[in-house]
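Biologist: I'm new to this one. Can you put it up and take me through some of it?

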Amino acid sequence: MHPVDLAIIVVYLAAMPAIGVLVGRRQRSAADYFIGERSLPWWAVCFSIVATETSTLTVISTPGLIWAASGNYNGLTYLQLPFGYIIGRTLVSFVLLPRYFKGQQTTAYAFLGQRFGSAMQGVSSVAFIVTRLLAEGVRLFAGAIPIQVILKHFGLHTSYWQIVVVLTALTVIYALVGGIKAVVWVDVIQLSVYIGGAIIAMIVLAGKLPDGWTSRAADAGIFRLFDFNFDPLHLLTSQYAFVAAVVGGAIFTMASHGTDQLIVQRFLACRSVADGRKALIGSGIAVTIQFALFLLVGAMLWAHNGFRTLRELGVKGDDVFTNFITSELPVGVAGLLIAAILASTMGALASALNALSNSTVADLYQRFTKRAPEDSKLLRHGRIWTLVWAVVFAVFGSLFSNRNNPVIEQGLSITGYTYGAMLGAFFLGMWVKRARQLDAIIAFVVTVAVMAVVVLAVKIPPAPGAKPVVLAFPWYTLLGVLITLVVGGALSLRHRTADTTAPKEPEPV
């Protein structure tokens with residue numbers, strides 16, 4: 001790689017924390033630190049949601065999803081998943097979002113606290129914290145992959161954990177000082193840069209492709225969009241099956257964008273319910289376009305690499321785009337795109353740090369100490385917990401080293417443990433009026449335990465003598481929701497009347 005590219009990467013990584021600090025340095029209150037005093041424009045929040053859920057996982061892994069591990073091709077079938085995202089986010093914007101704007105709620109789990117009680121709010125917050133630690137650990141690890149490739153190109157051999165520590169240190173600078181405003185505006189910059197870089201990469205690729213490559217791609221199934229194989233086994237085990245992708249994707253995004261504080265905190269920073277709705281639905285459309293863009297990059301890379309399978313190339317799907325960036329993009333363009341990819345990891349981490357700090361203070365500290373300290377003390381607590389979680393993230397991110405599966409699939413499957421229980425608890429509170437706090441907690445814990453067994457141990461033999469496969473991750477959330485509703489609903493039958501004992505006070509800011 002040219003020294004100019006390396007210089008761009010260094011300057012960019014230094015500039016993002018500096019911009020974040022400048023944007024958000026004048027924090028006046030805890031509400032300003034956590035939800036920006038509900039004053040952020042919807043379009044900035046929309047782009048921040050896309051940038052937060054994107055990170056390096058999407059950028060480096062999505063182009064490689066064109067290929068299948070079996071040696072065949074998935075084509076564009078992964079695009080079915082964001083089709084489900086649009087449906088799920090539309091439902092969230094009309095069913096859950098208005099509830100979050102009632103009172104002074106600053107977290108998603110305040111609703112569970114008001115419906116069931118502080119213990120249920122605490123349980124859901126702890127589940128969010130653990131899930132986010134694991135998921136962001138994968139994201140940090142994913143961010144370290146292209147950096148290691150770059151450093152190796154210069155003869156510098158580093159470990160993933162060393163890279164993770166440096167990324168975390170750079171991120172905590174602006175997350176600690178600037179709060180949610182800094183996180184959102186840095187996200188907007190990063191999204192613009194890496195999308196622009198991807199478009200430039202496509203332009204460069206277009207000049208390198210052989211004539212008639214689109215015809216060969218169509219014949220090979222590279223442009224195949226839908227997977228209408230309705231074989232029951234295929235529907236259960238393939239994330240690319242139409243029903244699994246669309247239905248499972250819709251339920252998955254209802255949990256990720258309706259109950260995960262990482263995203264809920266974003267639209268709570270909007271000025272109104274209408275603005276939050278535009279940001280949320282808009283993010284579904286934007287992420288679909290983004291997926292299409294990176295999958296098209298993958299199709300072009302397939303042609304550029306001689307129409308070969310991954311097995312013939314001798315690389316993993318996650319490496320195809322990274323190798324092209326580091327070796328074939330023009331001077332300056334490669335550095336800018338790599339910097340944006342790395343900075344997107346920082347942006348996702350900054351979002352997680354702020355969301356975890358918010359949930360720790362509002363859902364755990366305030367609820368269980370039953371204190372209402374002055375705002376300056378809450379702001380100080382928020383910054384302290386941001387720093388604490390940064391240290392914990394650095395440790396968690398250093399623990400990941402398995403690259404047997406595409407990192408984007410690892411990241412999405414981690415949420416299978418808790419997303420179903422979380423969304424199921426919200427539905428239980430809204431639909432089962434008899435359900436009490438103990439019913440909800442038992443249902444939540446049972447669901448997490450069952451899903452852990454499903455994710456880790458349940459294998460489905462596709463055929464006699466064949467290697468067993470696992471349930472496709474889009475089904476995890478739906479299965480978890482059903483378990484929560486069945487268990488919680490059954491327990492609620494012990495009660496003759498609707499629950500009238502839960503606290504109804506507004507959530508303190």
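Biologist: Which hand does the crossing of α4 and α11 have?
Modeller: The crossing of α4 and α11 is right-handed, meaning that the near helix is turned clockwise from the far one by less than a right angle. This is a predicted model, where local features need pLDDT of at least 70, side-chain atom pairs count only at pLDDT 80 or more, and totals for chains, interfaces and linings use all residues. Residues are numbered from 1 along each chain as its sequence is written, and side-chain values use heavy atoms, with hydrogens and water left out.

Biologist: At roughly what angle do the axes of α4 and α11 cross?
Modeller: Roughly 45°, and the axes come within 7 Å. Helix α11 covers residues 242–258.

Biologist: Which residues of α4 make that contact?
Modeller: Among them are Q80, L81, G84 and Y85 of α4, and α11 brings residues including F242, A245 and V246. Contact means heavy atoms within 4.5 Å.

Biologist: And how do α4 and α13 cross?
Modeller: The axes of α4 (residues 80–95) and α13 (residues 273–304) cross at roughly 175° and come within 9 Å. That makes α4 roughly antiparallel to α13 (an angle over 145 degrees).

Biologist: Different topic. How many disulfides are there?
Modeller: The search of the whole structure finds zero, a disulfide being a pair of cysteine sulfur atoms within 2.5 Å.

Biologist: Is C270 buried or exposed?
Modeller: C270 is buried, at 0% relative accessible area; buried means under 20%, with a 1.4 Å probe and protein chains only. C46 also counts as buried, at 5%.

Definitions and conventions
Axes fitted to C-alpha atoms, helices over the stretch in contact; angles between N-to-C directions. Helix = DSSP H or I, 4+ residues; strand = E, 2+ residues; numbered from the N terminus. Parallel < 35°, antiparallel > 145°, perpendicular 65-115°, else oblique. Buried < 20%, exposed > 50% of the residue type's maximum accessible area, 1.4 Å probe, protein only.
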